[in-house]
Amino acid sequence: MDSQLQDYDPINGLKPSENCAVIGIYGNDTVFFKIYTSLRTLQHRGQEASGVAIFDGEKINALKVDGLVYEGFRPYIEKEIVPKGNIGIGHNRYSTAGIKNITGAGPFLISTAMGDMAISHNGEITNYQSLRDELKEQGVPFVTTNDTEVMLNLLARTIRQKGIKNGIRSSMEMLQGSYSAVLMIGEKMYAMRDPKGFRPLILGKAGNDIIISSESAAIDVLGGAIVRDVQPGEVVEIYNGDINTLFIMRSQRISHCMFEYVYFARPDSIIDGVEVYNSRYRLGVNLAKEAPVEADVVIPVPDSGRTQALSYAAELKMEYSEGLFKNRYSERTFIMPGNKERDSAVKLKLNPIKSVVQGKRIVLVDDSIVRGTTMKRIVALLSSFGAKEIHVRIASPKIVAPCYFGVDMKTRDQFIALNKSDDQISKEVGADSLAYLSIEGLVNSIGMPKKSLCLGCLTGEYPVKIAGEKEDIQTTLEL
């Protein structure tokens with residue numbers, strides 16, 4: 001896509017972005033508004049497009065919209081022309097692969113001899129191109145270049161050949177990469193999570209409704225309670241109000257994405273037994289222990305660095321203040337061709353508070369840096385308002401390698417930290433000093449064993465085979 005036309009948020013637009021939210025609700029009454037509410041709750045996981053697919057008792061009806069959930073669905077709600085039924089799935093999309101229009105949005109729906117099938121998928125299938133080529137040779141037509149469409153057609157083929165249980169298992173043996181998905185086959189619903197558990201998937205209940213969600217926050221908003229996480233490699237069948245495990249395909253290791261705890265997930269979510277807020281608080285504490293500095297005030301980059309800045313200040317007994325005001329009501333902007341226009345876009349979103357900044361030695365805390373472009377502009381903005389010193393502290397390790405599992409970090413040339421020292425990066429962004437949290441500090445903050453986390457973007461070593469990349473451990477699947 002032309003760089004002058006890309007949708008860009010000067011604060012968070014250069015952050016890594018996650019590839020989608022999924023929701024599934026198996027209820028006793030109409031589920032559209034519950035799915036709609038859930039998608040609004042999970043809006044942070046994808047703002048490109050949204051969709052629902054709902055079983056009306058005979059067939060599955062889908063509705064997809066561009067943009068934010070509230071804005072996209074509002075005309076259909078006002079005209080009362082939304083899909084009706086008691087069983088349905090939903091999807092928020094942020095594309096990291098495939099086309100970037102509504103055609104590529106989920107849920108994906110196909111009609112088969114077994115009835116309608118629909119799927120919502122969060123993650124990225126690393127071998128989708130070879131699977132797509134194989135299916136095309138067998139006569140399967142494709143509308144998009146989306147890996148979810150490949151996944152759904154593969155499932156339809158194997159289920160037709162081997163039945164639901166063995167068919168899903170057969171597809172999972174062929175799928176590589178990350179996937180947390182909700183599959184609907186008529187009045188039956190299935191939760192699927194890849195054997196390494198890259199992406200979260202959680203089961204909950206609200207009254208008689210059974211909920212499958214990317215994050216527990218959606219279950220909370222619906223007034224429900226967490227039942228448990230879907231285990232890595234597990235396939236759960238939901239039918240007639242019952243929850244049953246069809247099988248679990250185990251891997252030699254688990255590889256939860258560390259960025260869920262650093263940036264992606266809502267802080268009020270609990271993922272694989274870990275509260276995200278507590279992890280982020282500990283990130284700030286450990287950052288303070290590893291990279292203290294004498295300064296007058298600690299301020300966050302809103303909103304991503306807030307919790308970490310708060311705990312950094314508390315650990316060092318320093319003043320904490322909101323030194324940057326974020327305009328929450330300014331629309332997303334387009335990338336401009338020149339630096340002057342881009343600087344203006346940052347100022348539209350952020351404005352320093354003079355009494356906090358002027359003449360002060362500042363510790364500026366954020367959760368991560370990818371390209372460094374936004375950080376450079378924020379540092380310049382603070383300097384222009386009279387900051388005496390600016391010390392940047394990042395509550396995660398250096399990002400030095402691509403992600404292949406559902407995050408839009410695909411090429412090494414976009415990483416400011418690649419082959420550079422902290423001093424070199426500090427000079428590039430215009431700060432007086434800069435420091436990152438160590439990998440050990442990150443692991444300690446999340447509270448999981450290092451071997452249970454995917455750290456590929458930090459180490460350049462991946463938990464599965466990727467052409468041209470290092471593999472950190474050989475793995476096999478066992479049933």
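Predicted model: local features only at pLDDT ≥ 70, side-chain atom pairs only at ≥ 80, totals over all residues.
Ser-279, Arg-282, Leu-283, Asn-286 and Glu-290 in helix H8 meet Gly-441, Leu-442, Asn-444, Ser-445 and Ile-446 in helix H14. By class, the residues of this contact divide into three nonpolar, five polar and two charged.

For H8, which spans residues 276–290, and H14, which spans residues 439–446, the angle is about 145° and the axes lie 8 Å apart. The crossing of H8 past H14 is right-handed.

I turn next to the sheet. Seven strands make up an open sheet with antiparallel pairing, and their order is S4-S3-S5-S2-S11-S10-S12. At the edges are strand S4, residues 60–66, and strand S12, residues 225–229, each of which pairs on one side only. From one strand to the next, the twist averages 15°.

Strand S3, residues 49–55, runs antiparallel to S4 and is joined to it by seven bridges. Within this pairing, Gly-51 stands opposite Lys-64 in S4.

Pro-107 belongs to the loop between S5 and strand S6, residues 108–112. Another cis bond joins Pro-302 and Asp-303, where omega is about -5°. Asp-303 sits in the loop that lies between strand S19, residues 297–300, and helix H9, residues 306–316.

Finally, I come to positive phi values. Asn-240, a residue other than glycine, has phi near 55°. Its place is the loop between strand S13, residues 234–239, and strand S14, residues 242–248. Is Asn-240 buried or exposed? Asn-240 has a relative accessible area of 55%, and therefore counts as exposed, the cut-off being over 50%.

Lys-317 is likewise a residue other than glycine with a positive phi, near 55°. Where does Lys-317 lie? Lys-317 is in the loop between H9 and strand S20, residues 324–326. Because its relative accessibility is 77%, Lys-317 also counts as exposed.

Conventions: Residues numbered from 1 in each chain as written. Heavy atoms only, no water. Axes fitted to C-alpha atoms, helices over the stretch in contact; angles between N-to-C directions. Helix = DSSP H or I, 4+ residues; strand = E, 2+ residues; numbered from the N terminus. Left-handed = near helix turned anticlockwise from the far one by under 90°. Contact = heavy atoms within 4.5 Å. Nonpolar A, V, L, I, M, F, W, Y, C, P; charged D, E, K, R; others polar. Pairing = 2+ DSSP bridges. Buried < 20%, exposed > 50% of the residue type's maximum accessible area, 1.4 Å probe, protein only.
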